[in-house]
Amino acid sequence: MSVPGSFTPQIDDDALRLVAKARILFADTDKMGIVYHASYFRYLELARVELIRSVGPPYSALETEGLALPLVEVGVHFSRPGLYDDHISLYCGLSRLSRVRVHFQYRVVVERGDRHGADERVELLQAETRHACVDRVTGKPQRLPQSLFDRMSAVRGA
């Protein structure tokens, strides 16, 4: 069953790059020690801002210019549960880039040896987030600054 407005992410592994590693915090899990589904959004944000930082000024520089990239749509496919104390690898890339829209794709995994008792790679999820560049005050669509657009275009083409 598909929910209106939802979608299944289509991940291009060649577009992904390792952008961050993190340890699953107890605060991000439920009573069973499994990552609560909404907690993954924090890890996706970490991956997204680190990808942006890797191509130039940090995301905060965009905000200084009076712009923001709010989330307008998300698609997630959960493969296996993340567990408390897992050491996760966050892969991120661009799936679409236009003057006003940026779509990020993600793969979150526990690499071989990064989960106690497991000796194989475990994929936790694939996701895609879709963002629009807007004026922070009015919320109206704005063009990405040319310098950021150029740097992100290079990431997408890499």
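Asp85 comes out as partly exposed in this predicted model, with a relative accessible area of 40% (buried means under 20% relative accessible area, exposed over 50%, partly exposed in between, with a 1.4 Å probe and protein chains only). Its partner Arg23 forms a salt bridge with Asp85, the closest N and O atoms lying 3.9 Å apart (a salt bridge is a side-chain nitrogen of Lys or Arg within 4 Å of a carboxyl oxygen of Asp or Glu). Arg23 sits in strand E1 (residues 17-23) and Asp85 in the loop between strand E3 (71-78) and strand E4 (87-97), so the pair links parts of the chain 62 residues apart (strands, E, are DSSP runs of at least two residues, numbered from the N terminus). Arg23 is partly exposed too, at 42% relative accessibility.

The model is predicted, and local features need pLDDT of at least 70, side-chain atom pairs count only at pLDDT 80 or more, and totals for chains, interfaces and linings use all residues. Residues are numbered from 1 along each chain as its sequence is written, while side-chain values use heavy atoms, with hydrogens and water left out.

By the salt-bridge rule, the count comes to 10. Another of these joins Arg107 to Glu123, with 2.4 Å between the closest N and O atoms. Here strand E5 (residues 101-110) supplies Arg107 and strand E6 (residues 122-132) supplies Glu123, 16 residues apart. Arg107 is buried at 8%, whereas Glu123 is partly exposed at 23%. Asp13 joins in as well, linked with Arg107 and Glu123 in a network of salt bridges.

Arg121 and Glu111 also pair up, at 3.1 Å from N to O. Both are in the loop between E5 and E6, 10 residues apart. Arg121 is partly exposed at 44%, but Glu111 is buried at 17%.

Definitions and conventions: Helices (H or I, at least four residues) and strands (E, at least two) are DSSP runs, numbered from the N terminus.
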